[in-house]
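I opened my notebook to write down, step by step, what I looked up in this structure.

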Amino acid sequence: MPFVKVVKNKAFFKRYQVHYRRRREGKTDYQARKRLVNQDKTKYNSPKYRLVVRFTNTDVVAQIIYSKIVGDIVVAAAYSHELKRYGVPAGLTNYAAAYATGLLLARRTLAKLKLDTKYVGNTNVNGEDFNVSPVESGARPFRALLDAGLARTSTGAKVFAVLKGATDGGIDVPHSVSRFVGFSAESKKLDAAVLRKHIFGGHVADYMRSLKDEDEERYNSQFSLFIKNKITPEGIEALYANAHKAIRANPAPAPKKEKPKEKYQTKRDKKITLEERRKRVNEKKTKLGLPTD
């Protein structure tokens, strides 16, 4: 193909349309968002809920959100740094922590909607796929669609660990097992034992053992928080199992600590009298060598 020079002339710039700000910043995939947000007109004002999952360097953020014209409304949110309350002091961004964050969000959302007793979810976590079934009488399961943002949705991604935690917690999230860790592309089957191992941090325990044997100095540096909190490879599974029980027992967020309001006292200059004002003027005139009144 011959080289074609792109001419950006006046006609080009007259027709140019600036992208949305969040598209320019590379934060929002509007093609995906449009499909996740749009609701059928026949459903009137029924909100379309999204399970929004985002990862930072130190945290896992999971939220239930629906959209209005004025903006997005957050129904409930859960963060992996909250797992410290449930006995998980370290490793807050791994696969097991992502699962626990999804479980926390599900139980918190259902408790807020008073559906936690009707939809208990999957209490026997064995790695098998679980889908919420509607009860015979009463409200149907709470449904939300996964919003992974700009994250790569490859097999074994931690985004789907949050999804698994949310479904086991009692939220109906449409999914297939093909993106869970342990799914084989050749056999087209899910190895439930592998998924269960990741949910309870077994892969972290294996890595801890191998790293300790290979390079103890690096082990002491990389797992310093685990060592500080006396977490051993043998105790990781029990750590996450107890965290799951604690989350189910009390998923409510911690009460906010009210900061004491400081009393600020405005400092104002005291109003001086007419005589004092004239005295100041005379002092300034004296300094300048001018005649005083």
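**Ground rules.** I am working with a predicted model, in which local features need pLDDT of at least 70 and side-chain atom pairs count only at pLDDT 80 or more, while totals for chains, interfaces and linings use all residues. Residues are numbered from 1 along each chain as its sequence is written, and side-chain values use heavy atoms, with hydrogens and water left out.

**Entry 1, helix α5.** I looked up helix α5, which covers residues 159-168; helices here are DSSP runs of H or I with at least four residues, strands are runs of E with at least two, and both are numbered from the N terminus. I found that 10 of its 10 residues are buried, where buried means under 20% relative accessible area, exposed over 50%, and partly exposed in between, with a 1.4 Å probe and protein chains only. Among the buried residues are Phe160, Leu163 and also Lys164 and Asp168. I then noted what these buried residues pack against, and the list includes the strands β1 (50-55) and β2 (60-68) and the helix α10 (236-249). After α5 comes Gly170, which has a positive phi near 115°.

I turned to Tyr219, which sits in helix α8 (residues 216-222), and I wrote it down as buried because its relative accessible area is 6%. Setting aside residues up to four places away in sequence, Tyr219 touches Met208, Leu211, Lys212, Ser224 and Ile227, a contact being heavy atoms within 4.5 Å.

I found a negative surface patch formed by Asp213, Glu214, Asp215, Glu216 and Glu217. A patch takes residues with over 30% relative accessible area and no salt bridge, joining like charges within 9 Å and nonpolar side chains (Val, Leu, Ile, Met, Phe, Trp, Tyr) within 5 Å; a salt bridge is a side-chain nitrogen of Lys or Arg within 4 Å of a carboxyl oxygen of Asp or Glu. Both α7 (202-214) and α8 supply at least two residues each to this negative patch. Glu217 belongs to helix α8, and I marked Glu217 as exposed because its relative accessible area is 67%.

Lys284 lies in helix α11 (residues 274-288) and counts as exposed, at 51% relative accessibility. Ile272, in the loop between α10 and α11, is in contact with Arg277 and Arg280 when its neighbours within four places in sequence are left aside. I recorded Ile272 as partly exposed, at 29%.

Definitions and conventions. Areas by Shrake-Rupley, 256 points an atom, 1.4 Å probe, with all protein chains shown as cover. Lys, Arg positive; Asp, Glu negative; His and termini not counted. Charge placed at Lys NZ, Arg CZ, Asp CG, Glu CD.
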